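Welcome! Please open your viewer and take this short tour one selection at a time.

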Amino acid sequence: MPFLGREMGNEPDYSEEIAREIDDEIRRVIEEAHDTATRVLKEHSEELHRISMILIERETIDKEQFERLLAGEAEEAVFPDEAPAPSATPEPEDEKKRKPEPKTRPFPIPGATMQPPPEGAKG
């Protein structure tokens with residue numbers, strides 16, 4: 001087990017029986033934690049879905065807002081004066097025209113550096 005910091009010829013300081021007990025205890029702890037996590041997620045799935053939808057719409061919320069939402073407070077009460085997310089409001093046509101389009105950079109053609117430039121090309 002050299003990946004655990006032991007040398008190849010080094011024997012463990014405990015018996016096979018103790019190793020089996022250690023493995024069984026680790027397995028028990030992991031399975032218990034998995035069962036607890038699954039139970040908690042199932043019990044709170046409605047709240048998780050509700051907050052997920054809010055996060056999809058708003059992208060960020062702070063700790064206080066998160067706690068208030070988990071406590072069951074209505075979204076309108078938690079976010080009373082905020083305008084809807086920018087993606088939810090349609091952009092005026094003239095605004096779209098003013099935004100510069102990103103310039104695409106052409107990718108070099110494989111092997112193009114090995115070929116002579118086309119006639120009339122500036123170098």
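This is a predicted model: local features need pLDDT of at least 70, side-chain atom pairs count only at pLDDT 80 or more; totals for chains, interfaces and linings use all residues.

Residues are numbered from 1 along each chain as its sequence is written, and side-chain values use heavy atoms, with hydrogens and water left out.

**Select the protein chain.** You will find five helices and zero strands; these are DSSP runs, with H or I of at least four residues for helices and E of at least two for strands, numbered from the N terminus. Of its 123 residues, 7% count as buried, meaning under 20% relative accessible area, while exposed is over 50% and partly exposed lies in between (1.4 Å probe, protein chains only).

**Select α1 and α2.** The axes of α1 and helix α2 (residues 45–58) come within 4 Å and cross at roughly 65°. Therefore α1 is roughly perpendicular to α2, a label for angles of 65 to 115 degrees. Axes here are lines fitted to C-alpha atoms, for helices over the stretch in contact, with angles from 0 to 180 degrees between N-to-C directions. Now show Leu-41, Lys-42 and Glu-43 of α1 with Ser-45, Glu-47 and Leu-48 of α2: these residues make the contact, that is, heavy atoms within 4.5 Å.

**Select Ile-26.** This residue sits in helix α1 (residues 16–43). Is Ile-26 buried or partly exposed? Ile-26 counts as partly exposed because its relative accessibility is 45%.

Terms used. Angles under 35 degrees count as roughly parallel, over 145 as roughly antiparallel, 65 to 115 as roughly perpendicular and the rest as oblique.
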